[in-house]
Amino acid sequence: MKIKDVITERFKQICEERNISYTELARLSGVTPSTVYSMLQPQRRDVNIVTIKKLCDGLDLNIADFFECDLFRTLSPEIE
């Protein structure tokens, strides 16, 4: 998996664990729902670190805790 895929998977996991929708995640984070939904689209290649921080803030989750996950330990190289 690439970093973008792992980031979106992590947000999906957290939303599922907390039983919140992606629209609710956007509302809590002060971003538009389209920002969250576009991030989840597989064809979108980049995810902005500022957006990640806002989403973590909305979830009341420390950004270091967001990245402290086994998913990030098994990343594929980004250089091809």
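The structure holds five aromatic pairs, a pair being rings of Phe, Tyr or Trp (its six-membered ring) whose centres lie within 6.5 Å. This is a predicted model, in which local features need pLDDT of at least 70 and side-chain atom pairs count only at pLDDT 80 or more, while totals for chains, interfaces and linings use all residues. Residues are numbered from 1 along each chain as its sequence is written, and side-chain values use heavy atoms, with hydrogens and water left out.

**Overall architecture**

- The protein chain contains six helices and zero strands, where helices (H or I, at least four residues) and strands (E, at least two) are DSSP runs numbered from the N terminus.
- Read from the N terminus, the order of elements is α-α-α-α-α-α.
- The radius of gyration of the protein chain is 12 Å, which agrees with the value near 12 Å for a compact globule of 80 residues; this radius is taken over C-alpha atoms, and the globule rule is 2.2 Å times the number of residues to the power 0.38.
- Along the principal axes, the C-alpha atoms of the protein chain fill a box of roughly 35 × 25 × 20 Å.
- Of the 80 residues in the protein chain, 35% are buried; buried means under 20% relative accessible area, exposed over 50%, and partly exposed in between (1.4 Å probe, protein chains only).
- Among contacts between residues at least 6 apart in sequence, 65% join residues at least 24 apart, a contact meaning heavy atoms within 4.5 Å.

**Aromatic cluster**

- Phe11, Phe66, Phe67 and Phe72 are linked into a cluster by ring pairs.
- In general, a pair of aromatic rings is described by the distance of the centres and the angle of the planes.

**Helix 3 and its surroundings**

- Helix 3 spans residues 33–40, and its buried residues include Val36, Ser38, Met39 and Leu40.
- These buried residues pack against helix 1 (3–18), helix 2 (22–29) and helix 4 (49–58).
- Ser38 lies in helix 3 and is buried, since its relative accessible area is 17%.
- From Ser38 to Gly58 the separation is 20 residues in sequence and 18 Å in space, C-alpha to C-alpha.

**Helix 2 against helix 4**

- Helix 2 and helix 4 pack at an angle of about 95°, and their axes are 7 Å apart; axes are lines fitted to C-alpha atoms, for helices over the stretch in contact, and angles run from 0 to 180 degrees between N-to-C directions.
- Helix 2 and helix 4 are therefore roughly perpendicular to each other, as angles of 65 to 115 degrees count as roughly perpendicular.
- On the helix 2 side, Leu25, Leu28 and Ser29 meet Lys54, Leu55 and Gly58 of helix 4.
- The residues of this contact divide into three nonpolar, two polar and one charged; Ala, Val, Leu, Ile, Met, Phe, Trp, Tyr, Cys and Pro count as nonpolar, Asp, Glu, Lys and Arg as charged, and the others, Gly among them, as polar.
- Glu24 is also found in helix 2 and counts as partly exposed because its relative accessibility is 26%.
- Glu24 and Leu59 are 35 residues apart along the chain, with their C-alpha atoms separated by 10.0 Å.

**Loop residues with positive phi**

- Asn19, in the loop between helix 1 and helix 2, has a positive phi near 55° although it is a residue other than glycine.
- Asn19 is exposed, because its relative accessible area is 71%.
- Asp60, in the loop between helix 4 and helix 5 (63–67), has a positive phi of about 55° and is not a glycine.
- With a relative accessibility of 74%, Asp60 counts as exposed.

Methods: Angles under 35 degrees count as roughly parallel, over 145 as roughly antiparallel, 65 to 115 as roughly perpendicular and the rest as oblique. Rings of Phe, Tyr and Trp (its six-membered ring) pair if their centres lie within 6.5 Å; planes under 30 degrees apart count as stacked, over 60 as edge-to-face and the rest as tilted.
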